[in-house]
Amino acid sequence: GIGAKKGILIKDVAAIQMIERVDTIVFDKTGTLTMGNPRVKDIIPMNSKSEEEVLIIASIAEKRSEHPLAESILKEAERRGLEVPEPEEFQVIPGKGVHAKYKGRRILLGNLNFIKENGISNEILEEKIKSLERDGKTVIIIIEEDKISGLISIFDDLKPETEFVIRKLRNMGKEVVIITGDRESTARAIGYKLGVERVLSDILPQDKAKEIKRLQEEGKIVTMVGDGINDAPAITQADVGIAMGSGTDIAMESGDIVLVKSDLRDVLVAMELGKYTMKKIRQNLFWAFIYNIIGIPIAGGALYPLTGFLLNPVIAGIAMSLSSVSVVTNSLSMRFKKF
C-alpha cells in the first residue's frame, strides 16, 4: 500500500523481501537511464552527397522501422520539410541495422559491425566513428549500392536524476552495471560519465537475459531495470525485475515491481521500502514470539512449584491479544516513515 502511494506497484510480495539482498543493479541504457528521446546531432555526408540526400536515404531505409533511432531520423527529415518515399523492400536485422531497396538500389543502414559483416570497411571512416562515439553518440552508417553515403550521429540525453541515483547506489555498496546494444566506445563514454565501471556493450536483444544469468552464476543477486520489449526476458531472469511505467506492456508484465512515474529515484525508494519492510517483519516476529516464550511456560505452571502462581486465563487471553495488537501497531507505524 505504501509502495502504491509512492507510484511503486509491487506485483510479487517475494520481490520486496528479495530486494533487500540485491547487490547488483543492472540498468538498460536507452529509455531507462536516458530520456528515450534520441535526436540527430550530426549528419556527415560522403562521396559528394549533401546532408539532405544522406538524410533522405536514411529515412527511406528507416521508414518502416519501429526503433527509437529510426524515429529520430524520420523526425529530423520532417523538421527539414523533406518528403520520404516508401522503400520497395525492407528487412530488420535486430541489434544491427536494416536492409532496404528503393528504385532498385540497395540501401544498408546500421552500426559499424553490421557494415563490416556486409564486406564494407574504411579506416578513415572508423576513426571518424570512434571520435563521435567517444562523445557518447550512437553512429549510424548509410550505404547505397556498396558506397558510403554518410554518417548520422544520434544522442539521447541522460535523465536528470540518473547521475544522482547511480551515485547513491554506489554509496550503498551496490555494483551498478549498464547493459546496451551500443558499441563499446559509446557505452564506455556513458559509463565513464556516470562513474560505472562495468558496462556490457554490443549486447544483442536476445542475449540480455544470458548476461543477467552470467552475473547470477558469479554469485550475485541481481535487479534488472528496463523498459523495452527487448528487456522483458532479462527482467524475468533477474532475481528482482523492475519495469519503467513508461515502457512497453510486455516489460511491465514481466516486472516484479513497476515504477509508475518512470522516475529512477523510485528504484532507491523501492530498495529502502524493501529494507524497512524486512526490518518490521523481524520486529513483528520478535513481538509475536516473546509473549508466547514467556507466557506459555507460566501458563503451564512453571512458577507454581516456587511461588504457587498460576496464570489467570483472563491474563493469558490479554497476553495473546497483545501479541497481535503489537504486531499490527508496529506494522501500521510504517505509514509515518518518510521514503
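Colleague: On what basis are the values computed?

Modeller: This is a predicted model, in which local features need pLDDT of at least 70 and side-chain atom pairs count only at pLDDT 80 or more, while totals for chains, interfaces and linings use all residues. Residues are numbered from 1 along each chain as its sequence is written, and side-chain values use heavy atoms, with hydrogens and water left out.

Colleague: How are helix 4 and helix 5 oriented to each other?

Modeller: Helices (H or I, at least four residues) and strands (E, at least two) are DSSP runs, numbered from the N terminus. Helix 4 (residues 51-62) and helix 5 (residues 68-79) have axes 9 Å apart at an angle of about 135°; axes are lines fitted to C-alpha atoms, for helices over the stretch in contact, and angles run from 0 to 180 degrees between N-to-C directions. Angles under 35 degrees count as roughly parallel, over 145 as roughly antiparallel, 65 to 115 as roughly perpendicular and the rest as oblique. Helix 4 is therefore classed, relative to helix 5, as oblique.

Colleague: Which residues of helix 5 make the contact with helix 4?

Modeller: Contact means heavy atoms within 4.5 Å. Helix 4 contributes L55, A58, S59 and E62. Their counterparts in helix 5 are A70, I73, L74, E76 and A77.

Colleague: How are helix 13 and helix 15 oriented to each other?

Modeller: The axes of helix 13 (residues 265-299) and helix 15 (residues 313-332) come within 9 Å and cross at roughly 170°. Because of that angle, the relation of helix 13 to helix 15 is roughly antiparallel.

Colleague: Which residues of helix 15 meet helix 13?

Modeller: On the side of helix 13, the residues involved are K280, Q283, N284, W287, A288, Y291 and N292. In helix 15 they meet A319, M320, L322, S323, S326, V327, N330 and S331.

Colleague: Which residues of helix 13 make the contact with helix 8?

Modeller: Helix 8 (residues 162-171) and helix 13 have axes that come within 8 Å and cross at roughly 30°, so the two are roughly parallel to each other. Helix 8 takes part through F164, V165, K168 and L169.

Colleague: What is the angle between the planes of the aromatic pair?

Modeller: A search of the whole structure finds one aromatic pair. Rings of Phe, Tyr and Trp (its six-membered ring) pair if their centres lie within 6.5 Å; planes under 30 degrees apart count as stacked, over 60 as edge-to-face and the rest as tilted. F286 and W287 form this pair, with 5.2 Å centre to centre, and it is edge-to-face, the angle between the planes being 75°.

Colleague: Is F286 buried, exposed or partly exposed?

Modeller: Buried means under 20% relative accessible area, exposed over 50%, partly exposed in between (1.4 Å probe, protein chains only). W287 has 36% relative accessibility and counts as partly exposed. F286 has 45%, so its class is partly exposed.

Colleague: How far is K337 from the ring centre of Y276?

Modeller: A charge sits over a ring if NZ of Lys or CZ of Arg is within 6 Å of the ring centre and within 35 degrees of the ring normal. K337 lies over the face of Y276, and its distance from the ring centre is 5.1 Å.

Colleague: What separates the C-alpha atoms of E272 and F339?

Modeller: E272 is in helix 13 and touches K337, K338 and F339, not counting residues up to four places away in sequence. E272 and F339 are 67 residues apart along the chain, and their C-alpha atoms are separated by 7.2 Å.

Colleague: What is the relative accessible area of L109?

Modeller: L109 is found in strand 6 (residues 105-110). Leaving aside residues up to four places away in sequence, L109 touches several residues, including A58, F114 and I140. L109 is buried, because its relative accessible area is 2%.

Colleague: What is the phi of S48?

Modeller: Most residues other than glycine have a negative phi. S48 lies in the loop between strand 3 (39-45) and helix 4, and is exposed with a relative accessible area of 79%. The phi of S48 is positive, near 65°.
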